[in-house]
Amino acid sequence: MSRVAIVTGGTRGIGAAISIALKDAGYKVAASYAGNDEKANAFKAETSIGVHKWDVADYQACVDGIAAIEAELGPVDVLVNNAGITRDAMFHKMTPENWKEVIDTNLTGLFNMTHPIWPGMRERGFGRVINISSINGQKGQMGQANYSASKAGDLGLTKTLAQEGAAKGITVNAICPGYIGTEMVRAVPEKVLNERIIPQIPVGRLGEPEEIARCVVFLASDDAGFITGSTLSANGGQFFV
Ligand code: CAA
């Protein structure tokens, strides 16, 4: 029987690559997305992966969205918490809204998605939760007080849930991508990207979404059953923990 996977923010960027890689590895995959219907529909047409629209910052929307997917595909075995946003600004210019939106999506979104799925994983004695954090949650980043705080919070949640889930067959791990060639990174001013960021990456290039997707496929597999609470850094050598 194929295992069932949900990938949040799974229709674009790193999430799209994860959805496709899990499908190719034999999983039944559902991809959630927040707003971009056009991209989501194009993704569905190209991949035949089901797409589901809701905001991970809304707890009840997560409960309802997960229930709809489980009714269609069966209980969720693998949850990839990938959905994330940036609202970059230097701290002195950051608004309370910038702060709240990012925390609500990137940190509370993980609670909202994992909490409804967790009891079923405990009952069935199996689960894989993979949280997409960030290099900037590990090292901090100027212009990203909100994002770095949210992504560091994801690492704390990962380590706690790993302890709580271990005896129930649930592994919980984080991946910390560095700068990957997605729309989110391309939104950084070109001058900053070329003069400040890429020179800091020893391999000399941005990462590819597929390079993160392969990490997810491994952590989701039975082969990774002894790995839990870990943080897998995939950043081209930009930062060593
Ligand atoms: N690394 C190094 N230096 C940076 C930097 C970065 N990531 N971001 C900004 N700076 C520097 C700028 O080069 C500039 O330096 P100079 O004055 O010496 O030229 C200084 O900080 C101020 O920057 P700006 O002039 O751009 O200031 P601003 O107020 O107009 O804009 C900003 C600030 C919105 C933060 C803008 O600089 C920016 O978007 N920076 C990129 C921030 C960033 O790295 N975001 C990551 C997005 S990708 C992501 O989040 C995915 C992931 O997980 C890795």
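Predicted model: local features only at pLDDT ≥ 70, side-chain atom pairs only at ≥ 80, totals over all residues.
Me: What radius of gyration does the chain have?
Reply: The chain has 17 Å, which agrees with the value near 18 Å that a compact globule of 241 residues would have; the radius is taken over C-alpha atoms, and the globule rule is 2.2 Å times the number of residues to the power 0.38.

Me: Switching to the fold, how many helices and strands are there, and in what order do the strands sit in the sheet?
Reply: The chain holds ten helices and seven strands, which are DSSP runs numbered from the N terminus (helices H or I, at least four residues; strands E, at least two). The seven strands form an open sheet with parallel pairing in the order 3-2-1-4-5-6-7, and two strands pair if DSSP finds at least two bridges between them.

Me: Which strands stand at the edges?
Reply: Strand 3 (50-53) and strand 7 (231-234) do, each with a single partner strand, so one side of each is left without a neighbour in the sheet.

Me: What about strand 5, is it mostly covered or exposed?
Reply: Strand 5 is mostly covered, with six of its six residues buried; Gly127, Val129 and Asn131 point one way from the strand, whereas Arg128, Ile130 and Ile132 point the other way. Strand 5 is joined by six bridges to strand 6 (residues 170-177), which runs parallel to it, and in strand 6 the bridge partner of isoleucine 132 is isoleucine 175.

Me: Which residues does that isoleucine 175 contact?
Reply: Setting aside neighbours within four places in sequence, isoleucine 175 is in contact with residues including Ile130, Ile132, Ile212, Val216 and Leu232, contact meaning heavy atoms within 4.5 Å.

Me: How many residues does the largest nonpolar core have?
Reply: The largest nonpolar core has 28 residues, and Ile18, Leu22 and Ile175 are among those with the most contacts inside it; such a core is a set of buried Ala, Val, Leu, Ile, Met, Phe, Trp, Tyr and Cys residues joined through side-chain atoms within 4.5 Å. Helix 1 (13-24) and helix 10 (209-220) are among the elements that each supply at least two residues of this core. A second, separate core of 22 residues includes Val4, Leu73, Val76 and Ile170.

Me: One more: where is asparagine 146, and is that residue buried or exposed?
Reply: Asparagine 146 lies in helix 7 (residues 145-165) and, at 0% relative accessibility, counts as buried. Beyond neighbours within four places in sequence, the contacts of asparagine 146 are Arg87, Met94, Asn98, Trp99, Val102 and Ile103.

Methods. Residues numbered from 1 in each chain as written. Heavy atoms only, no water. Buried < 20%, exposed > 50% of the residue type's maximum accessible area, 1.4 Å probe, protein only.
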